[in-house]
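Work through the exercises below with the sequence and the model open beside you. Try each task on your own before you read its solution.

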Amino acid sequence: MKKFLLPIMSLMMLTAVSANAQQQRNATVPSYTATKEDFKPNLVNQPGKQYPMVNSEGAVRVQLRAPGATSVQLDLGRRYDMTKDENGVWTGTSAPQDVGFHYYQIIVDGTPMPDPGTVSFFGAGRWGSGIEIPSTDMDFWQVKDVPQGSIVEKYYWSKTTESMRHCYVYLPHEYDLNPTKKYPVLYLQHGNAENEYGWAVQGHTAQIMDNLIAEKKAVPFIIVMDYGQGQNIHLTGKYAPVEGAAANDAFQVVLLNDIIPMVETEFRVYTDAAHRGMAGLSMGGGQTGRIALANPTMFGYIGMFSGGSMTVEAFQEAKGLEKTAKLIFMSTGSKENRPAVEQAEALKKIGVNAVSYVSEGTAHEWHTWRRSLYEFAQKAFK
């Protein structure tokens with residue numbers, strides 16, 4: 001078990017790095033002076049709202065009318081001071097951002113609040129604002145004139161938590177048209193401080209799958225998106241963890257005892273490992289790796305997007321995984337420091353069908369993970 005634990009010195013270094021990153025995020029800087037004034041409304045603005053805006057270099061400009069405020073800041077990676085005009089309208093501009101989706105907020109006299117110009121998203125542990133920095137490859141997640149699947153909202157009883165739980169399930173367009181056909185199923189997990197809305201909303205899962213299926217680049221399969229924040233899952237009765245058990249273990253208990261049995265009872269899915277997969281981003285990728293290793297005959301398709309990893313040693317110790325695993329997919333953004341490529345190459349050398357993917361020009365954010373799902377889905381269940 002020691003190989004799964006970070007040495008204390010490494011943990012201390014990670015804590016120091018995290019604290020330093022937080023200090024940098026909280027540092028206040030002047031509003032950025034944009035070099036290009038070609039700002040356009042954000043793609044996820046409220047209907048009729050002009051702000052926030054994004055320009056061609058990826059800078060973000062926000063406005064807020066708050067005549068009585070004494071200090072307003074834009075909090076987007078760093079905190080940018082905003083300036084007030086004679087009408088009480090505050091304006092601030094961020095430095096250029098990486099392409100993709102980013103959470104942000106406005107801080108008014110020290111109090112964080114959503115930007116009233118955008119629709120709301122759940123991320124960073126709250127319902128708040130999001131900004132989409134356009135990229136040149138957005139086409140794969142746009143709504144197109146192709147057969148449309150559906151996102152089903154599902155409530156179900158959890159015997160492990162003795163409470164109702166909630167998930168989203170993507171069903172391909174043909175699901176209701178072909179009532180006797182069974183489908184493979186992918187359990188797809190969100191990241192830290194996010195929830196089951198993430199893949200359905202920020203991730204554009206349905207659009208990615210609809211387009212791939214229409215282009216015959218992916219086989220139709222069902223995707224289950226459930227809540228996996230372990231420290232907020234409270235197991236009860238015989239399922240309650242022993243003292244000191246890791247919080248992330250709680251989601252594994254719910255997945256194996258509640259989610260998978262519910263899906264295999266209420267949806268037309270195959271129930272063997274060859275037609276069952278699990279994937280996730282960041283925290284969800286870490287959960288995927290741990291659960292796959294702990295249950296080596298459960299999942300044939302394993303995807304870790306910017307989170308989790310699988311070494312040769314761990315793979316070999318998970319007895320049975322060498323027969324079950326049909327694909328191990330690991331991805332990372334090019335601006336991240338993740339061992340995906342190296343570990344995939346090492347697994348290939350021992351005969352594993354391991355694939356790595358690098359999302360060019362992106363970091364630890366949603367466009368990396370949309371691209372990862374796009375690549376993974378083309379290889380899954382084939």
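Predicted model: local features only at pLDDT ≥ 70, side-chain atom pairs only at ≥ 80, totals over all residues.

Residues are numbered from 1 along each chain as its sequence is written, and side-chain values use heavy atoms, with hydrogens and water left out.

**Exercise 1.** Find the order of the strands in the open sheet of five strands, and name its edge strands.

*Solution.* Begin with the terms: strands (E, at least two residues) and helices (H or I, at least four residues) are DSSP runs, numbered from the N terminus, and two strands pair if DSSP finds at least two bridges between them. Reading across the open sheet, the order is β2-β3-β4-β8-β7, with antiparallel pairing. The edge strands, each of which pairs on one side only, are β2 (40–41) and β7 (83–84).

**Exercise 2.** Describe how strand β6 pairs with β1 and with β5.

*Solution.* Strand β1 (residues 28–29) runs parallel to β6 (residues 78–81), with two bridges, and Val29 has Tyr80 as its bridge partner. On the other hand, β5 (residues 72–76) and β6 run antiparallel and are joined by four bridges, with Gln73 opposite Asp81. One residue lies between β5 and β6 in their hairpin, and Gly77 in the turn has a positive phi of about 80°.

**Exercise 3.** Describe the packing of helices α3 and α9.

*Solution.* Two packed helices are described by the angle between their axes and the distance between the axes. Axes are lines fitted to C-alpha atoms, for helices over the stretch in contact, and angles run from 0 to 180 degrees between N-to-C directions. For α3 (residues 205–214) and α9 (residues 366–379), the angle is about 35° and the axes are 10 Å apart. As for contacts (heavy atoms within 4.5 Å), Thr205, Ile208, Met209 and Leu212 in α3 meet Arg370, Leu373, Tyr374, Ala377 and Gln378 in α9.

**Exercise 4.** Which residues line the largest cavity, and how much space lies in it?

*Solution.* On a 1 Å grid over the protein atoms alone, a cavity is a set of points where a 1.4 Å probe fits but cannot get out, and lining residues have an atom within 4 Å of a point. The volume is the space filled by probe spheres set on the points, with grid points joined across faces, edges and corners. A search of the whole structure finds one cavity of 30 Å³ or more, and the largest cavity holds about 40 Å³ of space. Its lining consists of Met304, Ser306, Gly307, Gly308, Met330, Ser331, Arg338, Pro339 and Ala340.

Methods: 1 Å grid on protein atoms, 1.4 Å probe; cavity = no way out; pocket = protein on both sides within 12 Å on 5 of 7 lines; lining within 4 Å.
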